[in-house]
Amino acid sequence: MTSEFLRQARLIILTSSLASALVLGLRQFGAFQPLELAAFDLLTRLQSTPPPDPRLLVVAISEADLQAQQRWPLPDLTIAQAIAQLQPHRPTVIGLDLHRDLPQPPGQAQLQAQLQAPNLIAITKLGDSEDIPVPPPPHLPTERVGFNDLLLDPDGSVRRNLLFAAPDPQQPPLFAFSLRLALRYLAVHRISPRSLPQPSAAIQLGAARLQPLTPDAGSYQNLDARGYQILLRYRSPQPARALSLSQVLQGQFDPSWVSGKVVLIGTTAPSAKDLFFTPFSATAADQRKLAGVWVHAQMVSQLLSAASGERPLLWFWPEALELLWVLAWALLGGSLAWRTQSPWLLGLAGAALLAALLGGGWLLFTQQGWVPLAAPATAALVSGGWVVAQRAQQAQQQQQMVMRLLGQNTSPEIAQALWQARDRLLKSGKLPGQRLVATMLFSDLKDFSSLAEQLDPEALLEWLSKWLEVQTQEVQRHQGIINKFLGDGLMAVFGVPVARSTAAEIAEDARRAVACALAMAERLRQLNQVWAQAGKPVAQMRIGIYTGAVVVGSLGGQQRSEYGVIGDSVNIASRLESCLKERQGGECRVLIGQATLEQLGGAYAVESWGMLALKGKQQGVEVFRVLGPVAQSTHADTALQPDSNGTVVADGLDLALPNPPDAKD
């Protein structure tokens with residue numbers, strides 16, 4: 001592993017750990033519980049819907065039944081008649097989800113007679129700080145009474161099934177209405193609960209292991225887990241076949257619907273106000289709330305299906321595993337943000353990551369597993385956001401490093417190209433050595449020492465700064481970079497730091513360098529006019545340009561470094577600027593080598609200075625003076641010929657005064 005990889009890995013791990021710690025801290029205060037419960041509801045609705053439970057029948061007292069009876073609460077006689085219609089068909093158990101603690105004449109005696117049947121379960125209400133308790137019907141043994149209290153989550157929905165409650169610690173726990181019904185049915189099928197060894201506090205009921213909820217069970221936080229609660233796994237909005245009270249009273253039903261079944265009798269009329277929010281409450285308007293009798297039917301169906309092994313109970317991870325789950329998604333979010341640079345791709349990748357999380361949560365839910373979704377999604381987003389912020393900060397630092405290494409400002413085009421290639425160019429705080437073909441430009445003022453004698457130091461500095469600023473503007477405008485200032489001159493490079501991949505790009509760099517030199521000459525002419533009018537000295541300039549192979553990269557260390565350009569081509573360009581100083585020939589002299597002329601494509605008129613022996617070079621270099629663009633050249637001594645495209649170019653003849661054989665700079 002490289003040090004860069006390890007550094008990135010440490011950054012991602014640290015960022016993901018901090019994001020996880022933040023999310024888990026908020027999670028402990030219940031910040032994500034509403035989102036997790038909403039996700040639970042969504043997954044409940046997305047699960048495959050099994051058919052109605054064939055073991056159950058619900059006798060629903062609808063609004064139409066109340067209109068037919070013209071009374072609420074219904075009289076005891078009506079309830080007794082309904083039970084009497086059902087009992088001959090031998091139901092396994094009948095659950096009466098109607099409070100009958102007070103007589104509702106007429107028919108009290110008839111109802112008391114029906115309540116004596118051993119297969120009938122009645123209800124009581126435990127009550128709470130807002131509701132007073134409601135006792136069961138009189139003279140009923142405890143084993144045939146169950147409480148019908150439902151547990152509400154903070155948003156008012158029913159997602160838990162309270163099986164036992166112990167209002168009085170000195171008394172045996174009370175059984176829930178749904179549990180009484182389920183146990184009666186299972187007893188007929190020789191299934192009875194048995195306790196598992198402590199301290200599990202779990203109950204084995206047939207194939208199901210009932211594990212009570214804890215305050216931090218699943219995605220709950222600080223849950224009031226008193227009593228014996230389990231997660232309620234809903235079957236469907238209507239988990240059983242239904243008959244209306246009128247149908248039962250008139251005997252309009254198939255006896256097989258009752259025989260051997262769990263029959264629940266309760267109201268579904270909205271006016272009775274026995275309605276509850278459930279995970280299905282976000283669907284159709286007529287299902288906004290579910291009647292209490294249907295919720296109890298859900299609970300009975302869940303217990304029967306779990307005990308028989310048909311539909312296992314919902315499970316959840318222990319707290320430690322959920323913490324690892326959140327950390328894992330934070331690491332994925334951080335890694336994805338680090339690897340993806342494009343904002344569009346990052347957005348798509350983030351959406352794909354969240355879709356994978358939701359899909360994974362749904363797959364686990366189909367296997368009865370409820371795992372956190374909101375917390376890991378937030379951890380992934382926070383981790384990714386922090387990594388993006390770290391990348392932005394690092395990018396800014398890298399950009400500053402690049403500009404410091406270059407040692408000067410570049411043109412916007414070069415800066416953009418450099419920044420787009422930063423991952424390839426930057427290595428351990430340095431620009432690694434790179435071989436490429438570039439065009440070098442050296443400029444220098446003629447007789448600068450004489451100019452300096454005519455000005456005081458302050459004026460000289462102002463004058464020189466103005467001139468260097470002008471040259472810098474032209475270099476940037478022609479997409480070059482200033483490699484260094486050389487007193488009264490400079491060294492500029494065209495074609496770095498991003499290597500040119502084609503011959504056309506290399507030729508374009510050469511043309512830009514020559515165009516830059518001619519633009520400098522024009523700016524010098526304009527400045528000379530201004531300086532002359534102001535009584536300041538005028539100047540002359542020499543420029544040398546050469547195209548060839550160089551090696552570019554950082555010179556020095558991380559504390560003190562500069563962008564270096566080295567190679568024989570650099571030396572040749574420098575010698576071209578300084579050779580034959582006595583042959584000025586105007587305000588600005590621009591000399592190029594044969595290698596640069598070959599790249600110009602006939603765009604500029606030149607005169608040959610012949611083969612010159614430059615200082616430090618064993619072999620001579622063919623030198624040419626640039627006269628200007630062909631369309632503007634009026635040099636009288638240059639014989640011009642049109643090429644095959646009709647462009648006028650210099651014929652390459654030496655029309656200038658011959659150089660002495662031993663000419664040196």
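**Close-up views of a predicted model**

View 1. β17 covers residues 489–494 and runs antiparallel to β15, with five bridges joining the two strands. Strand β15 spans residues 434–445 and is mostly covered, with ten of its twelve residues buried. As a reminder for reading such views, strands of a sheet pair through backbone hydrogen bonds, either parallel or antiparallel.

View 2. Follow the strands in the order β6-β5-β10, and you will find that the pairing is antiparallel. The edges are formed by β6 (174–175) and β10 (228–231), each of which pairs on one side only. Helix α8 (residues 292–308) packs on this sheet and touches β5 and β10. The direction of α8 makes about 80 degrees with that of β5. Two bridges join β5 (residues 160–165) to β6. Look here for Phe 164, which stands opposite Phe 175 in β6.

**View 3. The largest cavity holds about 60 Å³ of space.** The structure has four cavities of 30 Å³ or more. Which helix gives the most to the lining of the largest cavity? That is α5 (residues 108–115), with four residues. Among the lining residues are Gln 108, Leu 111, Gln 112 and Leu 115. Asp 76, Arg 100 and Asp 101 also line the cavity, as do Leu 102, Pro 103, Pro 137 and Pro 138. Sorted by class, the lining has six nonpolar, two polar and three charged residues.

**View 4. Gln 110 sits in helix α5.** Is Gln 110 buried, exposed or partly exposed? Gln 110 counts as partly exposed because its relative accessibility is 41%, which lies between the 20% and 50% cut-offs. Setting aside neighbours within four places in sequence, Gln 110 is in contact with Leu 77 and Ala 80. Asp 76 is 34 residues from Gln 110 in sequence, yet their C-alpha atoms are 7.5 Å apart in space. Asp 76 also belongs to the lining of the largest cavity, shown in the previous view.

**View 5. Helix α17 and the residue that follows.** This helix runs over residues 568–578, and its buried residues include Val 570, Ile 572, Ala 573 and Leu 576. Glu 577 is buried too, along with Ser 569 and Ser 578. Just after α17, have a look at the backbone of Leu 580, which takes a positive phi of about 45 degrees.

Terms used
Residues numbered from 1 in each chain as written. Predicted model: local features only at pLDDT ≥ 70, side-chain atom pairs only at ≥ 80, totals over all residues. Heavy atoms only, no water. 1 Å grid on protein atoms, 1.4 Å probe; cavity = no way out; pocket = protein on both sides within 12 Å on 5 of 7 lines; lining within 4 Å. Points joined across faces, edges and corners; volume = space filled by probe spheres on them. Nonpolar A, V, L, I, M, F, W, Y, C, P; charged D, E, K, R; others polar. Buried < 20%, exposed > 50% of the residue type's maximum accessible area, 1.4 Å probe, protein only. Pairing = 2+ DSSP bridges. Contact = heavy atoms within 4.5 Å. Axes fitted to C-alpha atoms, helices over the stretch in contact; angles between N-to-C directions.
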